[in-house]
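The structure is shown first, and the discussion follows.

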Amino acid sequence: LGDVYKRQIYRPIENVSLYFTYADSLQAGSSYTYERTNPRYGETVVLKPFRSKQYEIGAKARIEDIDLSAALYEIKRPIAYLGDNNEYSIQGEQVNRGMEFTAGGKITSDLSVMGGVALIQPKLKKAKQAYAQGKIVVGEPKIQSNLLFDYVVPNTNKLALSANLHYTGKRYADQRNVNAVPAYFTTDLGIRYVTKEWLGKQTTLRFNVNNVFNKKYWAGMYPASADGAGTSASVLGVANGLSLGESRMFMLSAEVKF
């Protein structure tokens, strides 16, 4: 069977929608080539296709100029990695249960705000290794949030200021949940100027400063396998993929509409 997607929407009153979504998707199995430390060095294993399932229930509403939404969801999928038995195979099931809240719109005629928060419990279930049972999946934060402000300077309709605040919670780097990278908070600031008096029909100049306070952080963490919870080449099974977040960055751009 191929992918299955179903969505039911109910509108009890005007500007309010309730919905339920179910998705059942077929995904290609991952592959892994054993390294020198493994007796099966050089052999490549290709796993069978697997299915992932997602359930989501939520609500959306519009109150004057503000859009609100909330959702609860659960996502399940098999998860493969190199286990303590030196075998690359399905080692358990990743179960993500979480909730999301978002809101956005005009607070005043000059100020727009958009933000959201995601809370998630990404756990490993049915693990072949007892120590990994119920642990948080490698590289997944329990909380992420973002808040964006956009302010048009009154009486100009040309000059606008923006601020984007982002937070990501700590993430574990091993299946035992012993090692972790810390949470981080970054701030981006921007200014733009829009005019119809320069080139073309409209010219927009933008100047942005990302990571204003030059925060040092790990932006991404991923397991040894793209479809795994980490590698157990060591006792702790530390993930071998980390990417640094960008340092303070200045960007100037122009956009012309003809």
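## Basis of the burial terms

A residue counts as buried when its relative accessible area is under 20%. Tyr-184, at 8% relative accessibility, is therefore buried. The model discussed here is predicted.

## Overall fold

The protein chain contains 17 strands and zero helices. Its radius of gyration is 23 Å, well over the 18 Å that the globule rule gives for 258 residues, so the chain is more spread out than a compact globule. Along the principal axes, the C-alpha atoms fill a box of roughly 70 × 45 × 35 Å.

Of the contacts with a separation of 6 or more, 56% join residues 24 or more positions apart.

## Surface and charge

Buried residues make up 34% of the 258 in the chain. The accessible surface is about 15500 Å², and carbon and sulfur atoms account for 58% of that area. There are 32 positive and 23 negative side chains, with the centres of the two sets 3 Å apart.

## Aromatic pairs

Six aromatic pairs are found in the whole structure. The ring centres of Tyr-22 and Tyr-55 lie 5.2 Å apart with their planes at 45°, so this pair is tilted. Tyr-22 belongs to strand E2 and Tyr-55 to strand E5, so the pair ties together parts 33 residues apart in sequence. Tyr-22 is buried at 19% relative accessible area, whereas Tyr-55 is partly exposed at 33%.

Tyr-184 and Tyr-217 form a stacked pair, 4.2 Å centre to centre with 20° between the planes. Tyr-184 lies in strand E13, and Tyr-217 in the loop between strand E14 and strand E15. Tyr-217 is buried, with a relative accessible area of 16%. Tyr-32, Tyr-34 and Tyr-88 form one aromatic cluster.

Methods. Residues are numbered from 1 along each chain as its sequence is written. This is a predicted model: local features need pLDDT of at least 70, side-chain atom pairs count only at pLDDT 80 or more; totals for chains, interfaces and linings use all residues. Side-chain values use heavy atoms; hydrogens and water are left out. Helices (H or I, at least four residues) and strands (E, at least two) are DSSP runs, numbered from the N terminus. The radius of gyration is taken over C-alpha atoms; the globule rule is 2.2 Å times the number of residues to the power 0.38. Buried means under 20% relative accessible area, exposed over 50%, partly exposed in between (1.4 Å probe, protein chains only). Contact means heavy atoms within 4.5 Å. Accessible areas come from the Shrake-Rupley method with a 1.4 Å probe; for residues, only the protein chains shown count as cover. Lys and Arg count as positive and Asp and Glu as negative; His and the chain ends are not counted. The place of a charge is taken as NZ of Lys, CZ of Arg, CG of Asp or CD of Glu. Rings of Phe, Tyr and Trp (its six-membered ring) pair if their centres lie within 6.5 Å; planes under 30 degrees apart count as stacked, over 60 as edge-to-face and the rest as tilted.
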